[in-house]
Amino acid sequence: MNTVPDRIKLDYKTAVVLHHYNYQDNSLIVNFFVQELGKLSAVARGVKNSKKGRYALLQPFQKLTISLSGKGDLLTLTQVEALLQADSEKWNLKGKSLYCAYYINELLLNLLPAHTDCSAIFNLYHEVLKLLSSHIDDSDQDNFHYEIPLRLFELKLLEFLGYSLNLTVDQSSGEKVSADRQYYYQLDVGPSLQQNIQAQALLISGQTLLNMAQSRFNDQKTLHESKQLLKWAISQHLNKPLKSRELFKQLYANK
Amino acid sequence: MSHSPLIKQLIESLRCLPGVGAKSAQRMAYHLLERDRNGARKLSHALFQAAEQVGHCSSCRILTEAEQCDICRSPKRDRQILCVVESPSDVYAIEQSGTYSGTYFVLMGHLSPLDGIGPQDLHLDILKQRVMQESIDEVILATNATVEGEATAHYIVEMLKPQGVKITRIAQGVPLGGELEYIDGSTLGLAFSGRKELD
């Protein structure tokens, strides 16, 4: 017997716009990050010539309350309003922080599950974007202010998705990672003092691993090594290279 | 009854126009064939010529069949001001307003990191070259007030800063005849942050 697919009706959900595409003449297809439901896509009909400014609301990085209805993977947007918030909570993404935020959105577009409660990562997303928007000075040479929130987000996103990295136990001996040793890190198993020639491994210091385990990215070496490790770990779960990363490289290659 | 192959082909081709679905395409095709054969010939000739000959202006990249467009060739235009816009329709909108007499640069799009549209797709190297070679005093960034428009404006600022040229961005805020109570919060916020002193 055929079952009729259930119609979904979602009212007044807190969400953020990750990305949108033009659809027909006046409509958009919007990818939302909904707090309680993860990534959802919806058609926003006739918003481009809407006199109520709905097109402005559906820009990326807008905090909204939305109502959706429909069935299947593509829902219909029935209501959208800006989320009322204090000035201190507003994001002010400009320059480099904007490109970093684009990178985070692309990660989420690729990795975020649908119809799953993602409140933990949603709250982290808010925190990270707030951190990014508090540094709008592009002359900042050391990149600390951009890199720390990004590494934190990557690490926590992997944990959330169930791909946690083993950062504390030497997988060959079973002992705790020591801060003053160098380890060969294999993605599926973790750090090891012995090199396995057959497997691909990244040389990384014990101190970096321990710092990462405590989400501390406060020095240049930890940032540099953790970036390599996290980039590698994330690339395992992506089907294609991230476009925002390539663009960021092009934009800031000479700086 | 199905259409004959030629009519079918015509209907399918008409559907490439924006806002034209199967029904409208069929109406257009039958109108041209039943009532306006001359119009149809004229249309096909015009379409063919335009598709073959129209290219981009060598200095502002707007669509034109000449090497340079009318605006770029006109001696009346102020060559010290350059306005950067996203699309040819933006140029016509600004021209309609009659308030601008400088030249343009048309990007034919905007940077979009998530769609992989980068600086080379917008021919920003040509823009940089123009700023370096011509004696331009001011570059006005009139990209759209969208997140992508802002990202594009920011990139152009970074690119042109070393050239020492004055870079401005068009103002954002309350539209003419706009009543404050109906304006969305973000626009009103921008209007407040960009307020100016009255003399």
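1. Which are the buried residues of α6(A)? With buried meaning under 20% relative accessible area, exposed over 50% and partly exposed in between (1.4 Å probe, protein chains only), they are A:T222, A:L223, A:E225, A:S226, A:L229, A:L230, A:W232, A:A233 and A:I234. The model is a predicted one, in which local features need pLDDT of at least 70 and side-chain atom pairs count only at pLDDT 80 or more, while totals for chains, interfaces and linings use all residues. Residues are numbered from 1 along each chain as its sequence is written, chains are lettered from A in the order in which they are written, and side-chain values use heavy atoms, with hydrogens and water left out.

2. Helix α6 of chain A covers residues 220–235, and its 16 residues reach 22 Å from the first C-alpha to the last, close to the 22 Å expected at 1.5 Å a residue, where the expected span is 1.5 Å times one less than the number of residues. Helices (H or I, at least four residues) and strands (E, at least two) are DSSP runs, numbered from the N terminus. The buried residues of α6(A) pack against α2, α4 (144–160), β6 (182–186), β8 (202–205) and α5 (206–213) of chain A.

3. Turning to the interface, the contact (heavy atoms within 4.5 Å) takes 25 residues from chain A and 21 residues from chain B. The area buried between chain A and chain B is about 1,800 Å², of which carbon and sulfur atoms give 61%; buried area here is the accessible area (1.4 Å probe) that two parts lose on being put together, summed over both. In chain A, the residues that lose the most area to chain B are A:Y99, A:Y102 and A:L247, which together make up 25% of what that side buries.

4. On the side of chain A that touches chain B, β1 (8–23), α2 (95–111) and α7 (243–252) of chain A each supply at least two residues, and α2(A) gives the most, with 8 residues. By class, that side of chain A has 11 nonpolar, 8 polar and 6 charged residues, where Ala, Val, Leu, Ile, Met, Phe, Trp, Tyr, Cys and Pro count as nonpolar, Asp, Glu, Lys and Arg as charged, and the others, Gly among them, as polar.

5. In chain A, the side chains of A:D11 and A:K9 meet in one at 3.3 Å, N to O; A:D11 is partly exposed, with a relative accessible area of 40%, whereas A:K9 is exposed at 61%.

6. A:K156 and A:E159 also form a salt bridge, their closest N and O atoms being 3.9 Å apart, and because these residues are 3 apart in helix α4 of chain A, they are separated by about one helical turn. In chain B, the salt bridge of B:E34 with B:R35 has its closest N and O atoms 3.8 Å apart, and B:E34 counts as exposed at 54% relative accessibility, as does B:R35 with a relative accessible area of 62%. Salt bridges that share partners also join A:E147, A:R151, A:E154 and A:K227 into one network.

Technical notes: A salt bridge is a side-chain nitrogen of Lys or Arg within 4 Å of a carboxyl oxygen of Asp or Glu.
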